[in-house]
Amino acid sequence: MQYKRVAYGLLAAFASLASAADDKSDVTELSGETFNDFVKGNPLSMVEFVAPWCGHCKALGPEFEKAATNLRESGKDIKLGKVDCTKEADLCQKYDVQGYPTVLVFHSLDDVTPYEGQRKAPDITSYMIKQSMPTVSHLTADTLEEFKTTGDVVVVAYIDTDDKALLETYTSVAKKLRAKYTFGYTDDAALAKAEGVKVPSLVVYKSFDEGKNIHTEKFEAEDIEKFVKTAGTRLIGEVGQETYADYMSAGIPLAYIFAETQEERESLSDELKPIAEKYRGKINFATIDAKAFGAHAANLNLKTDKFPAFAIHDTVKKFKFPYDQDKKIVHDDLAKFVDDCTAGKIEPSIKSEPIPEDQDGPVVKLVALNFKEVVGNKDKDTLVAFVAPWCGHCKALAPLYEELAEAYRESPDHDKVAIAKIDATANDVPEEIAGFPTIMLYAAGVLDAPITYNGPRTVKDLMEFIKENGKYKAAASIKEDTEEAAPAASEKAEEEDKEDKEDKEDKEDKEDKKDKRDKKDKKEEKAEDKESEDHDEL
């Protein structure tokens with residue numbers, strides 16, 4: 001028996017050690033005191049800036065952990081770190097963290113770039129390994145052909161040996177775009193001749209469309225970047241979870257081709273290909289699966305039950321041009337529609353509720369048609385809550401938001417602050433809204449640089465946010481509860497209370513059990529609602 005007890009004790013100890021090993025994280029917890037040493041001590045690192053209440057942070061966490069483990073096991077000298085912005089506010093402010101999670105890549109303390117890829121372990125791992133490679137690879141006759149096949153889009157510069165300035169400019173662009181494209185160069189004139197290009201030239205080799213594009217004109221950084229982005233984008237691509245962000249950040253309008261079947265999308269792509277070629281580099285064209293993402297049509301002011309459909313979205317000016325869904329999509333009609341849109345002959349579509357006749361309540365109701373007028377007021381800082389009628393957290397925010405607005409209405413600075421809200425599902429809004437509620441502060445007279453609020457949704461915290469970030473630094477105060485506490489009970493009263501308590505004990509016990517069940521159900525509902533706090537459109 002003694003040996004068995006010892007054996008069981010050893011097994012328990014080993015199990016405990018194994019559990020402790022399993023719990024050890026490959027993601028380093030960072031603070032203001034350790035952050036600089038972490039970045040300086042690693043040639044390449046990635047850091048997630050998070051908040052414990054953030055749903056997307058919770059979803060990223062295990063993926064980030066897997067990626068850190070993958071990188072460690074691969075033998076790469078790449079480390080992943082984590083910063084809790086509720087504990088390290090100054091550090092997060094230093095790196096301009098305005099949303100959670102924010103993920104940054106550090107080559108050094110002065111060389112920082114945002115990570116905008118997919119938040120899955122394989123994507124993070126692949127991205128960081130690619131980042132660890134040379135920004136630009138020097139190519140020879142022995143390596144060029146293999147290098148061309150290292151990615152869907154590969155860029156090669158054919159330059160003169162002595163052209164250091166061009167190589168430096170090219171490298172700066174490669175450094176900016178390396179997350180998406182692979183860059184190389186050669187100074188071997190014989191290789192350029194064999195490829196049929198003169199020196200200097202840039203060639204984009206790609207696994208789609210025409211397979212190869214050549215640039216021989218201007219070689220300023222802006223020209224190189226534009227060429228690579230244009231040549232590296234499919235003539236008619238596909239909008240999906242992996243490509244949506246790239247299209248939104250491309251800086252040019254996106255033409256959507258909605259269709260429910262693959263055959264229909266391919267047919268429409270062939271039909272509209274000449275139009276896409278005409279506007280290459282000026283408008284991106286892409287199909288979108290109407291069965292999977294048909295709801296997105298509403299964001300473009302299209303009907304969500306009538307496909308195929310077509311619309312142009314100017315992602316910079318936030319203009320939307322839906323094509324008449326009662327018309328058939330054919331080349332000649334679409335060509336004229338696109339021509340007229342680009343020539344300014346068609347007014348953009350604006351989805352808006354009617355402008356409210358009265359603004360009686362403390363919270364100003366915004367719609368698309370009065371947004372610029374109200375929010376652009378030079379005399380007031382405006383806090384705007386972008387909400388959705390189905391959002392549980394928006395409903396929870398409503399009474400606190402009313403209290404906030406009432407506090408400012410009664411404040412000496414009442415003429416310096418407006419508290420407003422807008423239904424972002426019923427109105428076009430100027431910002432990209434990824435989740436509800438989204439709260440932003442527009443400093444007086446500044447429409448193009450709102451500051452997103454990411455703190456706790458309390459009246460006090462919102463007041464501090466407005467005071468800290470508004471133009472007028474307006475202040476308000478929360479009403480204190482003026483009701484006095486009840487006096488202590490006398491001994492007689494306590495005795496009576498005790499007897500009453502005993503009489504009601506059985507009844508309260510039953511009610512308490514029911515109440516616990518109800519609270520448990522509500523808690524589970526609340527947890528589910530919290531997890532769905534952020535809503536991605538695609």
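D96 is exposed, with 54% relative accessible area (exposed means over 50%, buried under 20% and partly exposed in between, with a 1.4 Å probe and protein chains only). This residue belongs to a predicted model, in which local features need pLDDT of at least 70, side-chain atom pairs count only at pLDDT 80 or more, and totals for chains, interfaces and linings use all residues. Residues are numbered from 1 along each chain as its sequence is written, and side-chain values use heavy atoms, with hydrogens and water left out.

**Overall fold**

- The protein has 17 helices and 20 strands; helices (H or I, at least four residues) and strands (E, at least two) are DSSP runs numbered from the N terminus.
- Of its 538 residues, 40% count as buried.
- Among contacts between residues at least 6 apart in sequence, 70% join residues at least 24 apart, where contact means heavy atoms within 4.5 Å.
- The accessible surface comes to about 30900 Å², and carbon and sulfur atoms hold 49% of that area. Accessible areas come from the Shrake-Rupley method with a 1.4 Å probe, and for residues only the protein chains shown count as cover.

**Second largest pocket**

- The second largest pocket holds about 1000 Å³ of space. A pocket is an open set of points on a 1 Å grid over the protein atoms alone, where a 1.4 Å probe fits, with protein on both sides within 12 Å along at least five of seven lines. Grid points are joined across faces, edges and corners, and the volume is the space filled by probe spheres set on the points.
- Its lining has 34 residues, and K320, N427, D428, V429 and P430 lie nearest the centre of the pocket. Lining residues have an atom within 4 Å of a point.
- By class, the lining divides into 17 nonpolar, seven polar and ten charged residues. Ala, Val, Leu, Ile, Met, Phe, Trp, Tyr, Cys and Pro count as nonpolar, Asp, Glu, Lys and Arg as charged, and the others, Gly among them, as polar.
- Strand β15 (319–322) and helix α14 (371–375) each supply at least two lining residues.
- Domain 3 (237–343) and domain 4 (364–469) each contribute at least three residues to the lining; the domain bounds come from an automatic or database domain assignment.

**Buried residues in helices and strands**

- I288 lies in strand β13 (residues 284–289) and counts as buried, at 0% relative accessibility.
- Leaving out residues up to four places away in sequence, I288 touches V239, Y256, I257, F258, A259, R265, F293 and H296.
- L144 is placed in helix α6 (residues 144–147) and is buried, with a relative accessible area of 2%.
- Beyond four places in sequence, L144 touches L139, V156, Y158, L191 and E195. From L144 to L191, 47 residues apart along the chain, the C-alpha separation is 8.7 Å.
- A407 is part of helix α15 (residues 392–409) and counts as buried at 12% relative accessibility.
- Apart from neighbours within four places in sequence, A407 is in contact with M463, A476 and S477. A407 and S477 are 70 residues apart in sequence and 6.3 Å apart from C-alpha to C-alpha.

**A partly exposed helix residue**

- H56 lies in helix α3 (residues 55–74) and counts as partly exposed, at 22% relative accessibility.
- The C-alpha atoms of H56 and Y100, 44 residues apart along the chain, are separated by 7.3 Å.

**Backbone features in loops**

- V199 and P200 are joined by a cis peptide bond, with omega about 0°. P200 lies in the loop between α8 (189–195) and β9 (201–206).
- From F436 to P437 the peptide bond is cis, and omega is near -10°. P437 sits in the loop between β18 (417–423) and β19 (438–442).
- D96 has phi near 55°, a positive value in a residue other than glycine. The loop that holds D96 runs between α4 (89–94) and β4 (102–106).
- N301 has phi near 65°, also positive in a residue other than glycine. N301 lies in the loop between α12 (290–293) and β14 (309–314) and is buried, with a relative accessible area of 18%.
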